[in-house]
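Welcome! Take a look at it below, and then we will go through it topic by topic.

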Amino acid sequence: MGSITTTTTIVAAATATATATTPPPSLLPKPKPRFLTPSNFKFQPFPLSISLKHHTQLPIPKSIPSAGAAVSPLNLKSRLRNGETLYGLFLLSFSPTLAEIASLAGYDFVVVDMEHGPGGIRDALPCLHALAAADTAAIIRVPESTAAWAKKALDLGPQGIMFPMIDTAQLAHQAVSFCRFPPAGCRGAAHPIVRASKYGFDDGYIGNYLDELLIMCQVESKEGVANAGEIAAVDGVDCVQMGPLDLSASLGYLWDPGNKRVREALREAERKVLESRKDDVESGAYLAGFATAFDGARDMRSRGYHIVSGAVDIGLFRSAAAEDVIAFKTSVSESEEEEEKDVDEKYWSE
């Protein structure tokens, strides 16, 4: 018995030492982003995502801290305050599988788009589950800026919410009020039973929900550009998201979003948003936007954007699918030409 006890003690001590000195391997390591570069081909004047070749311009990892800032697993709002530039993707397919792939690819966030995607709240939830499992932040874009849509979206527990078509400071104030419980706002209260509070298991939710929620207002019209400074200055607005497509339509250039006048309007709105943060880094809004074929992610970052969305899942799949078909048809055509050449040479040689 004594020898058995001694042996057991030695094995237990050795196991404890190994456990203390050897860190556990990551159960789900994130690979470094890999960017494909297909050949050029044309589809429409303004694609749903920038061409895949543009990703080679800015291979953004999971985070891009500014000088002296440390990489941290904080939420989006805290990471912005730490000076990071965040890079994300819009999810219109409502596919949890594509959401998970986007997370594993290294995007900092994924916007589940209920404004232009076909899905609603019930469809968005599995996508949030997939993103949470892969440790990537979810932002929900609601189809319209109303208290009802905001309430249902926020109860799902995203890290951010995006309100479309915010043209005035008054609309921005309303959007913020939709996110706050009374008396500060008008958000409906069901916090003990919704996913946002971990179904009531998070006792601290009421005390910190605003600290962890990124409120984003979209400026995407001529009126919105004129009021961009006032919108950015509204208390509670964390980000102003530029909307180049709707802005181009508002200015009369629906089929030409790269038009000089559209770009000038964007620059005006950008300047106003950036000026909202000049005096006090704790106030004002961060600048967010879409990378496009005529305005790449690298250029946007250099102009002061801290949140950049570089692609749309449907656009990426469309580009990859078209490239695959083109590659196959090209190879078949070349093969047929070779076969015809061989037949001709054989005929004349006889």
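Counting disulfides in this model gives zero. Please keep in mind that the model is predicted. The points below cover the cysteines, one arginine and the nonpolar cores.

**Cysteines**
- The cysteine sulfur closest to that of Cys186 belongs to Cys179 and is 9.1 Å away; a disulfide needs the two sulfur atoms within 2.5 Å, so this pair is too far apart for a bond.
- Cys186 has a relative accessible area of 42%, so it is partly exposed.
- Cys239 is in no disulfide either, with its nearest cysteine sulfur, in Cys217, lying 9.5 Å away.
- Cys239 counts as buried because its relative accessibility is 0%.

**Around Arg180**
- You will find Arg180 in the loop that runs between α6 (169–179) and α7 (205–208).
- Arg180 has 18% relative accessibility and therefore counts as buried.
- Beyond its neighbours within four places in sequence, Arg180 is in contact with several residues, including Cys186, Arg187, Tyr209 and Asp235.

- In soluble globular proteins, nonpolar side chains tend to be buried together.
- Here, the largest nonpolar core has 57 residues, and Ile161, Phe163, Val240 and Met242 have the most contacts inside it.
- Helix α4 (residues 121–133) gives this core its largest share, six residues.
- Apart from this core lies another one, of 18 residues, with Leu80, Leu214, Ala288 and Ile307 among them.
- Leaving aside neighbours within four places in sequence, Met242 is in contact with residues including Val219, Leu266, Phe290 and Tyr305.

Notes
Residues numbered from 1 in each chain as written. Predicted model: local features only at pLDDT ≥ 70, side-chain atom pairs only at ≥ 80, totals over all residues. Heavy atoms only, no water. Helix = DSSP H or I, 4+ residues; strand = E, 2+ residues; numbered from the N terminus. Buried < 20%, exposed > 50% of the residue type's maximum accessible area, 1.4 Å probe, protein only. Contact = heavy atoms within 4.5 Å. Core = buried A, V, L, I, M, F, W, Y, C linked by side-chain atoms within 4.5 Å.
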